[in-house]
Amino acid sequence: MFGFIIRRTLAVIPTLLGVTIVVFFMLAITPGDPAELLLGERATQESLDAMREYLGLKKPLYIQYGMFLKRVVQFDLGETIWSRQKVSIEIKERFPATIELALVAMVISSFFGVLFGIISATKQYSWFDYVSMVGSLIGVSMPVFWLGLIFMLLFSLTLGWFPMSGRIGIDTNLQVITNFYIIDAIITRNWPALMDCLRHIALPALALSTIPLAIVSRMTRSSMLEVLRQDYIKTAKAKGLGQMKIIFKHALRNGLIPVITVIGLQFGILLGGAILTETVFAWPGVGKWLYEGVVKRDYMVIQGGTLLVATSFVIVNLLVDILYAVINPRISVK
Amino acid sequence: MPRKVLVLIAIIFFVTAGMALAQTPKQGGTLVFGRGGDSVGLDPAYETDGNSFMVCDNVFEALVFYKDETTDIEPGLAHSWDISPDGKTYTFHLRKGVKFHDGTPFNADAVVFSIGRMMKERNVKFFGKGWDIPKQERPPEYWVSMEMDDTIGSIEAVDDYTVLFKLKRVEAPFLANMGMDFADIISPTAFVKNPKEFLRNPVGTGPFRFIKWVKDDNITLEKNKDYWNKGKGPYLDKLVFRAIPENSVRFLELKSGGIHICQFPNPADIPMAKKDASLKLVSQPGMNIGYLGFNHTKALWKNLALRKAIAAAINRKAIVDNIYQGMGEVAQNPIPPTMWGFNEDVAGYAYNPEQAKKYLAEAGYPEGKDLPEITLWSMPVPRPYNPEGLKVGVAMIGDLKKVGISSRIVSYDWGTYLKRQRQQPDDMDLFQLGWTGDNGDPDNFLAVLFDGLASESIRTQWHNEEYHKLMQQGRQTIDQGKRAEIYKQAQKVLFDDVGVIPIAHSTVTWPLHKSVMNFKLHPTASIRMLSVWLDR
């Protein structure tokens, strides 16, 4: 097992290298440069030249890439072009918000997705099955943007249950330690702040969870249906085991394996930052940061951001593989 | 009868007293300003975007201020100034007893430091011990684009409260430039302590002091209790700038009470704001211009009649009504009507397709025959002066079609658009572009945008000797009355020769909560919260 983890971790390096090369050279062939965008309408040839010189954009591409690699090896992601801040600090300021949101959304979608999937599978072709399957179809096709606005109109403006946007109230005092606000509130035993954070995260997490929830529930349903037809389930039934025991002790263990892959993949995607959800709910995460970096051609943000997204995706995948082995020891890790 | 009069007097007295009472600013409260994006940085010398400047506007101050709602100059951190007869030496007399938020006294040396750090060659002299000015982080953009290195020769502190600026040339807009954000005075001690972090820990003399910045979320400022001009404010205890990127969400936040002022709402939300009893609107004609330029470097566009044909063919009113959705006005001249020097007598191009056809024939292309297909460059991004460049482009090619001119839209991503436009390539015939004014000086529009003879980097390469001479004259004349006459004449020249087609000035309209008192929009787009208070 330990060897497996080491090998998988090392295999991550060429993946990341590949990702950065692709991103870097795709940027290079995309027209427009940060100097032009920084200076806008008022740019003159002289001011552009001075800015390009300063930003190091005049050096040939492979040298720029080499410099980037050299820095990365030294665990230095450089400094952003626009905000003139260390990329690592920019990430530290935003990534916790993204992880927090992704985690809460994944907890919601995994729990309800698996639950709905199981019920649908055991009660195939019942009204619940139809409702939940049509519901999940709607869930996957719903634009988050629109859904977010509807949630706001309903739960914030009309009912007043939840705040509309942001991560924490303007008047709420919270001593920030880890930048995971929920954790910070718990550490400092600041219960009013915890409540405020939970209320703020509710709507974006709910909106963000719809698509994964739909996917997870459909996956659970089909996987469970397959397992429930297996011989050993018949045997269990013949033995006279109760239905609960059959489902949760025998069927679920096997049925969950493909579901875990899906959950892992979805979580990995969410860690890249949910650009739309972050934009609608004014959630200060990495997704919007990276998107703006692309629009503004902030090469440092793009490089650092892609590296971050790729790394977290690969790590999540690794964790999923390990989890496989834990759930089903028959799956070999060799 | 006398009794009735007495009652009447009493009523008038109470009503006016009540009004006066209602208008007395109340202290305290937190105002949340909702905006579309976060600041990039908070060092006024290096910033280039509105979201950064609006925070700087409240933390820092400059030697001179723009008056409320106009760009006329009034004393700021300098209570007065003298200009030498030759127009080349400016002596600023500074206010005494002003302190930066970190306790550093504001004095002549602070001015020398703040402005001097932007100079390429630091030709400065401190009165006291002064400071070593750290190396520049990057080219100070506004300083460079306002050509300040060609203007300012040296800066000298004569005593603790007198600063001398010696200019290399006579430059009439100089004083107006000193009111711009880049010329804000910063605390030298705070800067020297950590030059790299100053943009995240700004220290100035303004009505509010910086407290904290949560990236992409909010910036919190707090009342500066020691502000020097207590007669004007500040009244608010706290001022929060919140970034809410999505326009409709920002407006919903305003409706729900989460924010007090909503910057740049969707035009469609304005009627809703009008209906809402808890909201009101502020409006201000923007100091900007969206225009349609010609590629004057191409032989085709040396043809005056053809330029006239285009000007008469385009229905600018329809564009303003439908695409600006009423949040703008058709431009009569390239400078906004609120600016001094605006020429009322220039008629502006009238929409007249029949006349356009006549011009077209006069140009040698009757009914558009033999005229090659024209490329119309349209902007891919919304700008303050043009909400939707592509839609404007579509409307224009429709108008041109009606008189027999066939044209098509060309667009690039914004960076490429700006870059290629400057090169005046052959595949560009007409282009949309625009400008938001910096300092309220007509020179900042008329010379910077249209005097192609002044420099190759002027985006409209329109070459007109008479216009060029007027622009030079305007810069070298100090008297504002005389300058106004010069610029009026220039607008006439520009109009007659159809150097450019001004399209529209956009109007800024923002909804805000009824409780927000005394909030005014400024033509320079700066956001000033000094005298704003909350009627709670």
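1. Polar contacts between the two domains of chain B. Across the interface of domain 1 of chain B and domain 2 of chain B, 2 residue pairs are in polar contact, both residues being at pLDDT 80 or more. A polar contact is a pair of N or O atoms within 3.5 Å; within protein, one must be able to donate a hydrogen and the other to accept it, and residues adjacent in sequence count only if both atoms are side-chain atoms. On the side of domain 1 of chain B that touches domain 2 of chain B, 9 residues are nonpolar, 3 polar and 3 charged. Here Ala, Val, Leu, Ile, Met, Phe, Trp, Tyr, Cys and Pro count as nonpolar, Asp, Glu, Lys and Arg as charged, and the others, Gly among them, as polar.

2. Basis of the values. This is a predicted model, in which local features need pLDDT of at least 70 and side-chain atom pairs count only at pLDDT 80 or more, while totals for chains, interfaces and linings use all residues. Residues are numbered from 1 along each chain as its sequence is written, chains are lettered from A and ligands numbered from 1 in the order in which they are written, and side-chain values use heavy atoms, with hydrogens and water left out.

3. The domains of chain B. Domain 1 covers 60–188 and domain 2 covers 288–507; such bounds come from an automatic or database domain assignment. The centres of the two domains, taken over C-alpha atoms, are 35 Å apart. Their contact (heavy atoms within 4.5 Å) involves 15 residues from domain 1 of chain B and 12 residues from domain 2 of chain B.

4. Domain 1 of chain B and domain 2 of chain B bury about 1000 Å² between them, with 57% of it on carbon and sulfur atoms. Buried area is the accessible area (1.4 Å probe) that two parts lose on being put together, summed over both. Of the area that domain 1 of chain B buries against domain 2 of chain B, 40% is supplied by Val170(B), Ala172(B) and Pro173(B), more than by any other three residues. There is 1 salt bridge between the domains, a salt bridge being a side-chain nitrogen of Lys or Arg within 4 Å of a carboxyl oxygen of Asp or Glu. Arg475(B) and Glu147(B) form a salt bridge through their side chains, at 3.9 Å from N to O.

5. The interface of the two chains. Contact between the chains takes in 50 residues of chain B and 48 residues of chain A. The area buried between chain B and chain A is about 4300 Å², and carbon and sulfur atoms give 54% of it. In chain B, the residues that lose the most area to chain A are Arg138(B), Lys215(B) and Asp216(B), together 17% of what that side buries.

6. Glu90(A) lies in helix 5 (residues 87–122) of chain A, and Lys215(B) in the loop between strand 9 (208–214) and strand 10 (218–223) of chain B. Helices (H or I, at least four residues) and strands (E, at least two) are DSSP runs, numbered from the N terminus. Arg94(A) and Asp216(B) also form a salt bridge, at 2.8 Å from N to O. The interface of chain B and chain A has 17 residue pairs in polar contact as well, both residues at pLDDT 80 or more. The side of chain B that touches chain A divides into 18 nonpolar, 11 polar and 21 charged residues.

7. Chain A. This chain has 14 helices and 0 strands, and its C-alpha atoms fill a box of roughly 85 × 55 × 40 Å along the principal axes. Tyr125(A), in the loop between helix 5 and helix 6 (127–141) of chain A, has a phi near 65 degrees, a positive value in a residue other than glycine.

8. A cis peptide bond in chain B. Gly233(B) and Pro234(B) are joined by a cis peptide bond, with omega about -5 degrees. Pro234(B) is placed in the loop between strand 10 and strand 11 of chain B.
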